[in-house]
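Subject: Structure handover

Hello,

Please find the structure below. My notes on it follow, with the cut-offs given where each term first comes up.

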Amino acid sequence: CSFILHGTEPQPQAGGTSSTPPPRSSSGFEASNIPASESTFLDASIDGTLRIWDRRQPNPIARIHVPRGTPPFCMSACWSPDGNFIYVGRRNNSVDEYSLHKGLREPQRTFKFPSGSGAVSAVCAMPNGRHLVCASHDILRLYDLMDPGPETRASSGNKHSKVPFLIIPGHRTGIISQLFIDPMCRFMISTAGNRGWEGTSTEVMLGYEIGISDF
């Protein structure tokens, strides 16, 4: 399978001081020097709580509790490429976005998918910092994080509705257990499986070739 990313000029990342141009993949995507921590990691649990750990400390250094009105369990969460945001897949067909700079008490925004799409079982941020791949029970979606949302469009006088995601073909009705995107953004691998959770799975692995468009 394959899909195309539109308007994916890589975002500048902190910590890149070299004047040497970064390597470019065959798809045209430039790999950035994204700072990464060797001691900090994130976990998600069946009650929906997330914990941020520093392996040099015996206890979590931060917790993200389930927002009010959100059902428990979280099967997947991920960092943004620059480490400033956390994306959390929820049971009620939604993804919560948390900002490390604005606090982890409440999500900064929530991406709601169509009713009936099912629980979000896997999320993976694209290396360009603009797109998020979200796997819910019905299908894979490529969400545009730069979309202002319906409320912002309405306040600016733009009444035209816009779907903020693209459907990625392949999987249909089943739990997606894992998503992987290589750092050069050339390929994506998705695997179906319930990892011991309740729910059905097609138990297949699909490989995608990612095309890049400059506009």
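Strands in these notes are DSSP runs of E with at least two residues, and helices are runs of H or I with at least four; both are numbered from the N terminus. The model is predicted, so local features need pLDDT of at least 70 and side-chain atom pairs count only at pLDDT 80 or more, while totals for chains, interfaces and linings use all residues. Residues are numbered from 1 along each chain as its sequence is written, and side-chain values use heavy atoms, with hydrogens and water left out.

Surface patch

Strand β13 covers residues 176-181 and contains Phe180. With a relative accessible area of 47%, Phe180 is partly exposed (buried means under 20%, exposed over 50%, and partly exposed in between, with a 1.4 Å probe and protein chains only). Together with Ile189 and Met205, Phe180 makes up a nonpolar surface patch of about 310 Å² accessible area. Patches take residues with over 30% relative accessible area and no salt bridge, joining like charges within 9 Å and nonpolar side chains (Val, Leu, Ile, Met, Phe, Trp, Tyr) within 5 Å. Areas come from the Shrake-Rupley method with a 1.4 Å probe, and for residues only the protein chains shown count as cover.

Sheet β5 to β8

Two strands are taken to pair if DSSP finds at least two bridges between them. On that basis β5-β6-β7-β8 is the order of an open, antiparallel sheet of four strands. Its edge strands, β5 (77-79) and β8 (109-112), each pair on one side only. From one strand to the next the twist averages 20°, where axes are lines fitted to C-alpha atoms (for helices, over the stretch in contact) and angles run from 0 to 180 degrees between N-to-C directions.

Strands β6 (residues 85-89) and β7 (residues 94-99) run antiparallel and are joined by five bridges. Opposite Tyr87 stands Glu97 of β7. The loop between β6 and β7 holds Asn93, which has a positive phi of about 45° although it is not a glycine. Asn93 is buried, at 15% relative accessibility.

Sheet β9 to β12

Another open sheet of four strands has the order β9-β10-β11-β12, again with antiparallel pairing. Strands β9 (120-125) and β12 (165-168) are at the edges with a single partner each, so one side of each has no neighbour in the sheet. The twist here averages 25° from one strand to the next.

Five bridges link β9 to β10, and the two run antiparallel. They form a hairpin with five residues between them, and Gly129 in the turn has a positive phi of about 75°. Cys124 has Val133 as its bridge partner in β10. Six of the six residues of β9 are buried. Between β10 (residues 131-136) and β11 (residues 140-144), also antiparallel, there are five bridges, with Leu132 opposite Tyr143 of β11. In β12 is Ile167, which is exposed at a relative accessible area of 52%.

Cysteines

How many disulfides are there? The count is zero, a disulfide being a pair of cysteine sulfur atoms within 2.5 Å. For Cys134, the nearest cysteine sulfur is that of Cys78, 8.2 Å away. Cys134 is buried, with a relative accessible area of 1%. The sulfur of Cys185 is 9.5 Å from the closest one, in Cys124, which is too far for a bond. Cys185 is buried at 0% relative accessibility and sits in the loop between β13 and β14 (187-192). Its phi is positive, about 60°, although Cys185 is not a glycine.

Salt bridges

A search of the whole structure gives six salt bridges, each a side-chain nitrogen of Lys or Arg within 4 Å of a carboxyl oxygen of Asp or Glu.

- Asp54 and Arg56 have their closest N and O atoms 2.7 Å apart. Asp54 is buried at 10% relative accessibility, whereas Arg56 is exposed at 65%.
- Glu97 and Arg109 have their closest N and O atoms 2.8 Å apart. Glu97 is in β7 and Arg109 in β8, so the pair ties together parts 12 residues apart in sequence.
- Arg130 and Asp144 meet at 3.1 Å, N to O. Arg130 is in the loop between β9 and β10 and Asp144 in β11, so this pair ties together parts 14 residues apart in sequence.

Regards
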